[in-house]
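Here's a quick tour of a few local features in this model. Have the viewer open as you read.

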Amino acid sequence: MIFLDAAATTPVRREVLESMWPYLTGEFGNPSSHHSLGEAAANALSGARAAVAKALGCRPGEITFTSGGTEADNLAVKGIALARRAADPALNRVVISAIEHPAVEESALYLQRVHGFEVDVVPVDRHGVVTAEALRAVLGPETALVSIMYANNEIGTVQPVLQLAEVAAEHGVPFHTDAVQAAGWLPISVKELGVDALSISGHKLGAPKGSGVLYAKGRLRLEPLVHGGGQERGRRSGTENVAGAVALATALTLAHAGQLELAGRVSELRDAFIRAVLEAVPGAVLTGHPSQRLPSVASFCFPGTSGESVLLELERLGVVCSSGSACAAGSDAPSPVLLALGIEAEVAHTAVRFSFDSTVTSAELEQAAEAVAAAVGSVQGLGRR
């Protein structure tokens, strides 16, 4: 089997498993307990926080551990918007892009539905890029927060985050970015990106599912979503997942150390794969930006097919991939991301996404491209009968 669905999840790295194992076994203490086991757990948690802060270029106190990217996004969008409106009731608008992950989009819609916020949606161009001009056009004195993802999970398009954050800063508005897909592939220094908040998920980096991080700048206030004993500096109550925090810190440190070399190598493989698919499949359409995209994502529409049928045929041929976001599994509706690019609904239903992890090889992608041509041809042939 050739696994090309790494944007959905990645296998746990051996180094990560070894780093967290002690905190699942002998060192199982609660970091809030005042005895030796608790102190050992507290020290491990502090070490993990410091390691994540080093990778992001921030202070340890600016790091909040969560249960994953979805919770981190929820805490950023809801927490920042609610805290800012509590301080100034006029701040009653939230800005997101037209291609945000459901964790951000649904958080914004929750604020609208339950708390009476207005949600402004910034359009994207045909490649999925948010321009500084488009963002500037929707910002105003009532904007509480801007949340625009670093890199899209379906089409791989990378946003000009620094430029967008600078536009938000001109208006005095905090800027949050969902960096779940970007971490491990793109630079994530929060100072170089100019962001006020940033979300990461461990299982996209080789850590287990159930661990995430929210960076929130300095004195940026957050209204907590989970109330209780006041852990994580009052931002996220609940007994901390020490093993998960250690795992995420280890995975992020490993990814950060080899990011430039890995991104360069996989980008070359991605481009060769894209060329092979476009040459072998007449009518195939690459979605997302042709060059301003994640090294790890190649996404296509295959007009005249059904994306789900192509996926089934690919799996029969030994290639595992997806039709888009795993978080939208079970939905029969065309991808909102593809519709936002101006792709017709009928064509959007033919989408297939291929996403790679750090171990992908040239031979695997050559074999996968051949399988794509065979799968699309088979599905088109069935449609002509």
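Cysteine 58 is buried, at 13% relative accessible area (buried is under 20%, exposed over 50%, partly exposed in between, using a 1.4 Å probe and protein chains only). Cysteine 321 is not in any disulfide, and the nearest cysteine sulfur, from cysteine 301, sits 13 Å away. A disulfide here is a pair of cysteine sulfur atoms within 2.5 Å, and searching the whole structure turns up 0 of them.

| Cysteine | Relative accessible area |
|---|---|
| Cysteine 58 | 13%, buried |
| Cysteine 321 | 12%, buried |

A word on ground rules: this is a predicted model, where local features need pLDDT of at least 70, side-chain atom pairs count only at pLDDT 80 or more, and totals for chains, interfaces and linings use all residues. Residues are numbered from 1 along each chain as its sequence is written, and side-chain values use heavy atoms, leaving out hydrogens and water.

Next, the strands. Helices (H or I, at least four residues) and strands (E, at least two) are DSSP runs, numbered from the N terminus. Strand 3 (residues 93-97) pairs with strand 4 (residues 118-122) in the parallel sense, over 5 bridges; pairing takes at least two DSSP bridges. Arginine 93 has glutamate 118 in strand 4 as its bridge partner.

Finally, helix 10 (residues 307-316) has Gly307, Val310, Leu311, Glu313 and Leu314 as its buried residues. They span an arc of only 170 degrees around the axis, so they lie on the same side of helix 10, with the arc taken from the directions from the helix axis to the C-beta atoms. Leu312, Glu315 and Arg316 are exposed on the other side. Just after helix 10, glycine 318 adopts a positive phi of about 95 degrees.
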